[in-house]
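Hi,

Here is the model I said I would pass on.

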There are 2 protein chains.
Amino acid sequence: MTAAANQSGRRPTTSRRLERAGIRDVAAAAGVSITTVSDALNGKGRLPDETRSRVREVAERLGYRPSAAARTLRTGRSGLIGLTVTTYGEEPFTFTEFAYFAEMARAATSAALGRGYALVVLPASSRHDVWGNIALDGTVVIDPPDQDPLVSELYRSGVPVVSDGKPGNCPVTAWVDNDHEAAVLGILDHLSEAGARRIGLLTGTSTDTYTRLSTEAYLGWCAKVGQEPVYETYPAHDPAAGAVAADRLLARPDRPDAVYGLFDPNGTDLLAAARRYGLRVPDDLLLVCCSESDVYATTEPPITTLSLKPRKIGTTVVNLLIDAIEGVDSGTGVDIARLFPPRFRTAGTGPPPGTLMPTELIVRASSQRRSPRTTVSPPRPPGEV
Amino acid sequence: MTAAANQSGRRPTTSRRLERAGIRDVAAAAGVSITTVSDALNGKGRLPDETRSRVREVAERLGYRPSAAARTLRTGRSGLIGLTVTTYGEEPFTFTEFAYFAEMARAATSAALGRGYALVVLPASSRHDVWGNIALDGTVVIDPPDQDPLVSELYRSGVPVVSDGKPGNCPVTAWVDNDHEAAVLGILDHLSEAGARRIGLLTGTSTDTYTRLSTEAYLGWCAKVGQEPVYETYPAHDPAAGAVAADRLLARPDRPDAVYGLFDPNGTDLLAAARRYGLRVPDDLLLVCCSESDVYATTEPPITTLSLKPRKIGTTVVNLLIDAIEGVDSGTGVDIARLFPPRFRTAGTGPPPGTLMPTELIVRASSQRRSPRTTVSPPRPPGEV
DNA sequence: CACTCATGGAGAAACGTATCTCCAAAGGCT
DNA sequence: AGCCTTTGGAGATACGTTTCTCCATGAGTG
């Protein structure tokens, strides 16, 4: 009692009942020390159940909520995970990556919450004030550019960083990516089997890993099978440029009879361009694009898409990050090596450890010359495009 | 100098250079007190520019980053704003609200970052552990149910809460919503002008404000113009139920010649049902649905949609919240009354203050008997951006 | 009885910052 | 010369936890 009175009586003010109850108030009301309160509430220390429940009851009665700020300061853990979003101009995320990001973020959020962490959305530009003001236990970055100063700075300051997308040249704790090469090769084979003789590619001008790996895989495949590459590039972040590039691709003298578009809107872009040139899909032109949108299930015709499985990626990224956070906590994050079965992990000894996730090709009418099942869907009265 | 040595020498350990530099290290290195460091870095106090820049330089050299946790504890401000997402089962957000939420969250994120705050995504279930572990300056809630215990608890503990969607019965600092009644009436008038004689409604079974207000507006309109209401309801969160309900609606003996669907997927649902019954859109059936998806710009035919302008809502909600956070800081949030011009605000004296935002009807082919303009849109010469 | 040991719990030291209070020194004024 | 004011900066405290250390007390054991 003396203890309780002593510690809680520290407050010089007299009648302030406006403030939220603190641990000292609970201790005073329960007639114990703050140590006991803390231990009782957190299930630590050696206390008889009677004391524990009594303290809990008092805390409940006073509406006591531990200060997250104080806990974070003391324990060094905030339970917060940063999620970077690239920003072009005012708006976060670009049109192209929106669906992917949304799905990925949704899964990441779910995974984080399931393990007691919350995601905080942060801009990819390191210069932003807000970065310094938030205590992060770790960060997820999406497709960091080569030599990303943000990632480097985070890593240097000891914050675990897990990247969605194989990082170019910055040190990360771990990364997760799709096997883009395998995916592209799979698509090209799929199109070949469907009868394509000359496969074109709609790709981007930027140098991120996804674009680069995919394009290289395409070029490599072309070299292997002896097809002349037929591709057009455009700045992927420009929502209007895709349509123009699609048009260019189909306007070429060596017009392809099948096209794979690397970005989400390319399906629509290519479909529109095909219409413009009087090409029937899939009869005259086979089409595949990379997209997470289920829009392509209901286009006319439905378009075959490659899904990067953003939900799996998001889940994996977050789990890897939390493992790193809870596993090591000492600047050098090497422990992860044994946390995960090396099934998917690349066999390199050199860090950072990477995980490759499979993609999924959702085959629809646009990439098959003969309709996969009965074409009954369109009784489709005269109203045609 | 003595001061500096004194304060930094407090650390008993000898050679630990592994830890991040703290304010004391900077003070020691610069030969000043931590007060001076703090003041110099935060632009406070009275210091000559020379001292300021010297301290800044030393801090930079040591790679000093103020501890966000300590700052939060001291100042009582975390710079964090919670954003609740409703969860059904494992995944956050439902199919129905996904597009709306994504757009709204995107705008909210942008607005928050612009004012130095970050958004942290949190589950709408108050029982989740994570709520207690995070220091929030305020919270945005989306469509809270009546008597939401989470909102009540937050409000009671002094955290400002701004709601997207007029709250049923819980106390909030402020709320923002669309004028759903005006929106529905506008749509019904629009359909009438297009020649509709009997307008049907596809609505939900839940009792949230959006569904309730919209349905009531429809019923009121029917009563006013003397039309017998024709509507079907279904659980909006079930992605499959919408198609069934759409089918039911068009299978009725008193089949409507125009339909408004309250939820995002209803456009597709209704279009498919119309095809099934051999109804041409817009000739036999006029169609409007509420959606944020631009899919409906490219359906056949394109479908008229009502946009709730989630970006505007998101921006407004966040700005209101931050105003409340920075304005009052004392439990009772009444200051907001004068922070915003009362243009849109409801004139009631009773709290909480609400803001009504306009909606936008994007008129497309599905709700017009005669094509609005020449349908020529695609000459579309390649050289366009 | 003299011990060891387990039990229950109190004290106090951080965690790292922001800020309030206060003091010394250096002008500026009559 | 004495007083007031401004400038520059140091000291100390509080923010609210968690946790390490340590001390009573009582029970078991020889």
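Starting with chain A: of its 385 residues, 48% count as buried, where buried means under 20% relative accessible area, exposed over 50% and partly exposed in between, with a 1.4 Å probe and protein chains only. This is a predicted model, so local features need pLDDT of at least 70 and side-chain atom pairs count only at pLDDT 80 or more, while totals for chains, interfaces and linings use all residues. Residues are numbered from 1 along each chain as its sequence is written, chains are lettered from A and ligands numbered from 1 in the order written, and side-chain values use heavy atoms, with hydrogens and water left out.

Chain A has 13 helices and 14 strands (DSSP runs numbered from the N terminus: H or I of at least four residues for helices, E of at least two for strands). Of the chain A contacts (heavy atoms within 4.5 Å) with a separation of 6 or more, 64% are between residues 24 or more positions apart.

Now the helix pairs. In chain B, the axes of helix 8 (residues 180-193) and helix 9 (residues 209-225) come within 8 Å and cross at roughly 45°. Axes here are lines fitted to C-alpha atoms over the stretch in contact, with angles from 0 to 180 degrees between N-to-C directions. That angle makes helix 8 of chain B oblique to helix 9 of chain B (under 35 degrees is roughly parallel, over 145 roughly antiparallel, 65 to 115 roughly perpendicular, the rest oblique). Helix 8 of chain B contributes His180(B), Leu185(B) and Leu188(B), among others, and the helix 9 side of chain B includes Tyr210(B), Leu213(B) and Trp221(B). By class, this contact has eight nonpolar, three polar and two charged residues (Ala, Val, Leu, Ile, Met, Phe, Trp, Tyr, Cys and Pro are nonpolar, Asp, Glu, Lys and Arg charged, the others, Gly among them, polar).

Tyr210(B) is worth a click: at 10% relative accessibility, Tyr210(B) counts as buried. Tyr210(B) is 30 residues from His180(B) in sequence, yet their C-alpha atoms are 6.9 Å apart. Beyond four places in sequence, Tyr210(B) touches His180(B), Tyr260(B), Leu262(B), Phe263(B), Cys290(B) and Leu308(B).

Between the chains, helix 6 of chain A and helix 6 of chain B (residues 98-114 in each) have axes that come within 11 Å and cross at roughly 95°, which makes them roughly perpendicular. Phe98, Ala102, Glu103 and Arg106 of chain A and of chain B make the contact, giving four nonpolar, no polar and four charged residues.

Cheers
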